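Below are some numbered remarks on the model, for a colleague who has it open.

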Amino acid sequence: MSLGHGDLRELYQEVIFDHNRSPRNYHEMADANRVADGHNPLCGDQLTLYVRLVDGVVADASFVGHGCAISTASASLMTEAVKGKTVEEVEALFRDFHALLTGEAPEGRDFGKLEVLAGVREFPVRVKCATLAWHTLHNALTGEAAPAKTE
Ligand code: ZN
């Protein structure tokens, strides 16, 4: 049995709904050493991203915030996808993921569950929703280590 195009789209939407309803890694992180805020004024999506970077590897990633289903699901899927990856691997994945959303994905790249967001390429405004978490992660990884929290 093979999935028709319509079935596949339904499956993708179900994954997005699921990650929006119950976002994975949705919590603050006390021992994060990289933190960044992201805001997509076009849609009102807002998130804070936490990363624990150990020897150049994303040991843990989490987020809190509020926004549309696409931005929340994308952040949830992203935190799952980047754990255990090096900063270089994360940056390469971001590049390819962004290409996927604009219809220029490199051939043969396996995006795993991130593939479910490919449908937003039909809605250019939604691309910003889907990439907000990634831009924020990029800022977190390339910025200075976050200062210790005082509260
Ligand atoms: Zn949005």
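What pLDDT does the protein average, and what share of the residues score at least 70?

1. The protein averages a pLDDT of 91, and 91% of the residues score at least 70; pLDDT is the predictor's confidence in each residue, from 0 to 100. This is a predicted model, in which local features need pLDDT of at least 70 and side-chain atom pairs count only at pLDDT 80 or more, while totals for chains, interfaces and linings use all residues. Residues are numbered from 1 along each chain as its sequence is written, and side-chain values use heavy atoms, with hydrogens and water left out.

2. Confidence is lowest in helix H1 (residues 5–21), with a mean of 86, and highest in strand S3 (residues 57–66), at 98. Helices (H or I, at least four residues) and strands (E, at least two) are DSSP runs, numbered from the N terminus.

3. The zinc ion has as protein donors Cys43 (SG), Asp45 (OD), Asp45 (OD), Cys68 (SG) and Cys129 (SG), at 2.2 to 2.6 Å. Donors are N, O and S atoms within 2.8 Å of the metal (3.2 Å for Na, K and Ca); water is not among the atoms, so sites may look incomplete. The spacing of the donor residues in sequence is C-x1-D-x22-C-x60-C. Distant parts of the chain are linked by Cys43, in the loop between strand S1 (34–40) and strand S2 (45–54), and Cys68, in the loop between S3 and helix H2 (69–82), 25 residues apart.

4. H2 and H4 pack at about 40°, with axes 8 Å apart; axes are lines fitted to C-alpha atoms, for helices over the stretch in contact, and angles run from 0 to 180 degrees between N-to-C directions. H2 and H4 are therefore oblique to each other (under 35 degrees counts as roughly parallel, over 145 as roughly antiparallel, 65 to 115 as roughly perpendicular, the rest as oblique). Their contact (heavy atoms within 4.5 Å) includes Met78 of H2 and Cys129 of H4.

5. The axes of helix H3 (residues 87–101) and helix H4 (residues 124–142) come within 11 Å and cross at roughly 160°. That makes H3 roughly antiparallel to H4.
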